[in-house]
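Hello,

Here is the structure I promised to pass on, with some notes on what turned up in it. Have a look at it first, and then read on below.

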Amino acid sequence: KYVEEYTSKFNKGDKRKYNLVYHNLASKINHRKYKNKREWSNLDKESRTERANELKALYKELIKHDSKDLFDPNYRRMKYVRYADDFLIGVIASKEEAEIIKQDLTVFLAEKLKLELSAEKTLITHSKNTARFLGYDIRVARDWQTMKMPNGTQKRKFNFQAKLFVPHEKYIKKLISLGALSLGKNNQWKPIHRTNMLHSDDLEIIRQYNAEIRGLYNYYRLASNVHVLQSFRQIMKFSMIKTYANIYKSTVSKIISKYSINGKFGIRYETKEGKRIANFIDQRMEKNTSISNEEVDIELNTAQFGGRTSLIERLLAEKCEWCGVENTPLEMHHVKKLKNLEGKKRWEQFMIARNRKTIAMCVKCHHDLHNGKLD
């Protein structure tokens, strides 16, 4: 409410005033075009070429200038966007005015809301540089590239449009946190197998990797450079292959050959409906601003990708995943969220390490767990 009120007072002017240099050139071009149209039939070939070159030179000069005065002192705008306790304010104003806005916000938060504005995190950034907001890098493009319009004229493509970008370090940190990337010899990054998946079955592994790739893409698909996530997907693919190779004590090339189905990496499995194939995700990493799922902020439930088949197979194995006893009836213990486990008890550490929300136990172990006697 405070920012809404502040914005209404700060904003002024309906539109920027015209840039006279630009409009003088535009008038000259229109005059030349009208004159050429009127006299064209009477001109020889040399004169036509000369006039066409003159017009081209004028257009070339025109697109070097802005149609409006970007520094019009009588035009001011302020835009506020917030998500939870993170906010971004865009202003069309001077740096001095931005400093005043920041100071006014600091005073309001301190006096009215008893909150302290972090001086380190609250930055004033010129729009030609990037500002980090909700994991995205945001900047206003200064792109002087042109595109041809239907009428034959040239127009700047993206000049002064706000653009979103995927920060390189974000998907690198994601790979490291997943345990899919490591710094090897000579300080070279390389994909590695994930130890927390060594007890998972083939179907769980490929579905887990697909879910994580799809999840990151869905978050960053608004970015102009979302195609960089193709590198993320490729590293994840080799990490997955190395995980299978580690499980089966094999090599990368043999695993690729073993799981190659019609030129794609896939896992065959069966359901009540018949045979199925789970392929490694090959979704194009391209910009997509459409909203198809209203639940985009709900945490991804990767446990679902274990599938009913996987759970049944673990139960039918009749081997307790805790004590190792075989040929015994099993029960499935499950938790709602892994992040809710504190990791103080050994069975919690076991589930966290395997990155599974379920554990198949014999009746005795399951009973002891609920009575607090398992550890």
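Let me start with the charged pairs: the count comes to 14 salt bridges, a salt bridge being a side-chain nitrogen of Lys or Arg within 4 Å of a carboxyl oxygen of Asp or Glu. Please keep in mind that this is a predicted model, in which local features need pLDDT of at least 70 and side-chain atom pairs count only at pLDDT 80 or more, while totals for chains, interfaces and linings use all residues. Residues are numbered from 1 along each chain as its sequence is written, and side-chain values use heavy atoms, with hydrogens and water left out.

**Salt bridges**

One of the pairs joins lysine 9 to glutamate 5, with the closest N and O atoms 3.4 Å apart. Both residues belong to helix H1 (residues 2–10) and sit four residues apart, about one turn of the helix. Helices here are DSSP runs of H or I with at least four residues, strands are runs of E with at least two, and both are numbered from the N terminus. Lysine 9 is exposed at a relative accessible area of 66%, and glutamate 5 is partly exposed at 46%. For these words, buried means under 20% relative accessible area, exposed means over 50%, and partly exposed is in between (1.4 Å probe, protein chains only).

Arginine 194 and glutamate 212 form another salt bridge, with their closest N and O atoms 2.8 Å apart. Arginine 194 is in the loop between strand S9 (189–191) and helix H6 (202–220), and glutamate 212 is in helix H6, so this pair ties together parts that are 18 residues apart in sequence. Both arginine 194 and glutamate 212 are buried.

The side chains of arginine 284 and glutamate 286 also meet in a salt bridge, at 3.1 Å from N to O. Here arginine 284 is exposed, with 60% relative accessible area, and glutamate 286 is partly exposed, with 40%. There is a network too: salt bridges link Arg38, Glu39 and Arg51.

**A sheet of three strands**

Next, have a look at the open sheet with the strand order S3-S4-S7, where the pairing is antiparallel. S3 and S7 are at its edges with a single partner strand each, so one side of each has no neighbour in the sheet. From one strand to the next, the twist averages 35°; the angle is taken between N-to-C directions, from 0 to 180 degrees, with axes as lines fitted to C-alpha atoms (for helices, over the stretch in contact).

Strand S3 (residues 131–133) pairs with strand S4 (residues 136–140) over three bridges, and two strands are said to pair if DSSP finds at least two bridges between them. Phenylalanine 133 has tyrosine 136 in S4 as its bridge partner. The two strands make a hairpin with two residues between them, and leucine 134 in the turn has a positive phi of about 55°.

Isoleucine 138 is opposite leucine 164 in S7, and aspartate 137 is opposite phenylalanine 165 in S7.

**Cysteines**

Cysteine 320 is buried at 2% relative accessibility, whereas cysteine 323 is partly exposed at 44%.

**The whole chain**

Finally, the overall picture. The protein has 11 helices and 14 strands, and 33% of its 375 residues count as buried. Its radius of gyration is 31 Å, while a compact globule of 375 residues would be near 21 Å; the radius is taken over C-alpha atoms, and the globule rule is 2.2 Å times the number of residues to the power 0.38. The C-alpha trace spans about 100 × 65 × 45 Å along its principal axes. Of the contacts with a separation of 6 or more, 61% come from residues 24 or more positions apart, contact meaning heavy atoms within 4.5 Å.

Best wishes
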